[in-house]
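I opened a new notebook page for this structure.

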Amino acid sequence: MGTTPSKFQPLADAIERDGWCVCDHLFDPALIDALADECRELDAQSRLKPAAVGRGDRRRLATAVRSDRTRWLDDTFSEPQSAYLARMLELRDALNRRLLLGLHELEAHYAVYPAGARYDRHRDRFRDDDARVLSAVLYLNREWTPADAGALRLYLTENEHRDILPAFGRLVLFLSAEFDHEVLAPTRPRMSIANWFRQRDVGVA
Ligand SMILES: O=C(O)CCC(=O)C(=O)O
Ligand SMILES: [Fe+2]
């Protein structure tokens with residue numbers, strides 16, 4: 001147990017205060033480039049698949065709700081994936097020391113939203129499963145401008161929201177149980193890694 005490394009301190013402060021934060025400088029740009037190349041390559045090989053919604057018996061394809069393509073990071077990790085996940089686990093440990101969130105496992109998938117794709121307003125915690133504690137989205141898009149659209153719309157209250165552009169190397173964190181959000185349609189392909197830090201199973205019915 002030590003103090004929170006200084007690079008993670010502002011994130012921990014913001015999550016404690018607001019429940020969400022945006023950080024543009026946590027990752028080496030060369031790593032983001034490598035992840036972006038890998039995501040593009042996997043997608044070109046049709047190894048990303050239309051995303052589903054819900055879980056268990058309720059899991060279904062729902063292109064009206066979300067129209068991205070995804071691929072989980074699991075089994076054999078490439079070099080950039082290993083470097084990326086190591087960094088995310090450092091972040092997890094720093095947040096746990098500071099905020100006592102009980103973050104344990106990390107699940108992560110690549111996502112590509114083709115031009116015009118979207119994901120309707122939703123919350124990341126499933127109705128029957130409270131394992132997801134903290135959502136994290138890392139964006140892989142070089143030179144993204146407002147004209148490219150595709151913002152993450154994060155609802156802070158019923159009537160107030162922030163639109164966050166999916167800029168290269170940007171990481172957005174928010175408490176999974178607390179924030180509605182949606183993905184607005186981009187005008188060109190939009191790449192990301194969506195992540196959820198999960199707490200240990202606590203035997204919820
Ligand atoms: O890509 C984003 O900005 C958010 C994606 C999202 O909300 C999700 O996959 O649950
Ligand atoms: Fe989400």
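My entries follow in the order in which I looked things up.

**Entry 1: confidence**

I noted first that this is a predicted model. The protein has an average pLDDT of 92, and 96% of the residues score at least 70. For the model as a whole I wrote down an ipTM of 0.99 and a pTM of 0.93.

**Entry 2: the annotated stretch**

I looked up the UniProt record, an unreviewed entry, which puts the feature "domain: Fe2OG dioxygenase" at residues 102–199. I then checked the secondary structure over residues 102–199 and found 0% helix and 47% strand. The end C-alpha atoms of that stretch are 6 Å apart.

**Entry 3: the sheet of seven strands**

In what order do the 7 strands of this open sheet stand? I read the order as S1-S11-S8-S13-S6-S5-S2, with antiparallel pairing. Strand S1 (20–23) and strand S2 (49–50) are at the edges. Each has a single partner strand, so one side of each has no neighbour in the sheet.

I reminded myself that strands of a sheet pair through backbone hydrogen bonds, either parallel or antiparallel.

I then followed some of the pairs. S2 pairs with strand S5 (residues 69–72) in the antiparallel sense over 2 bridges, and Lys49 stands opposite Thr70 there. S5 also pairs with S6, again antiparallel, over 4 bridges. In that pair, Thr70 has Ala111 of S6 as its bridge partner.

Leu134 has Leu175 in S11 as its bridge partner.

**Entry 4: the sheet of four strands**

I found another open sheet, with 4 strands in the order S7-S12-S9-S10 and antiparallel pairing. Its edge strands are S7 and S10, each of which pairs on one side only. On average, neighbouring strands of this sheet are turned by 10° against each other, direction ignored.

Strand S9 (residues 152–155) and strand S10 (residues 161–164) pair in the antiparallel sense over 4 bridges. S9 and S10 form a hairpin, and 5 residues lie between them. Arg153 stands opposite Asp163 in S10.

S7 and S12 also run antiparallel and are joined by 2 bridges. His122 stands opposite His181 in S12.

**Entry 5: around ligand 1**

Which residues surround ligand 1? I listed Ala111, Tyr119, Asp124, Val137, Leu152, His181, Val183, Ser192 and Ala194. By class, this shell has 6 nonpolar, 2 polar and 1 charged residues.

Strand S12 (181–183) and strand S13 (190–198) each supply at least two residues of the shell.

**Entry 6: Arg123**

I found Arg123 in the loop between strand S7 (119–122) and strand S8 (132–139).

Most residues other than glycine have a negative phi.

Leu100 has a phi near 55°. Leu100 is in the loop between helix H3 (79–99) and strand S6 (105–113). With 8 C-beta neighbours inside 10 Å, Leu100 counts as exposed.

Glu143 has a phi near 50°. Its place is in the loop between S8 and S9. Glu143 is exposed, because 7 other C-beta atoms lie within 10 Å.

Note on methods:
Residues numbered from 1 in each chain as written. Chains lettered and ligands numbered in written order. Predicted model: local features only at pLDDT ≥ 70, side-chain atom pairs only at ≥ 80, totals over all residues. Near = placed C-beta within 6 Å. Nonpolar A, V, L, I, M, F, W, Y, C, P; charged D, E, K, R; others polar. pLDDT = per-residue confidence, 0-100. UniProt positions renumbered as here; feature names shortened; annotations may be inferred. Pairing = 2+ DSSP bridges. Axes fitted to C-alpha atoms, helices over the stretch in contact; angles between N-to-C directions. Buried ≥ 20, exposed ≤ 12 C-beta atoms within 10 Å, placed from the backbone.
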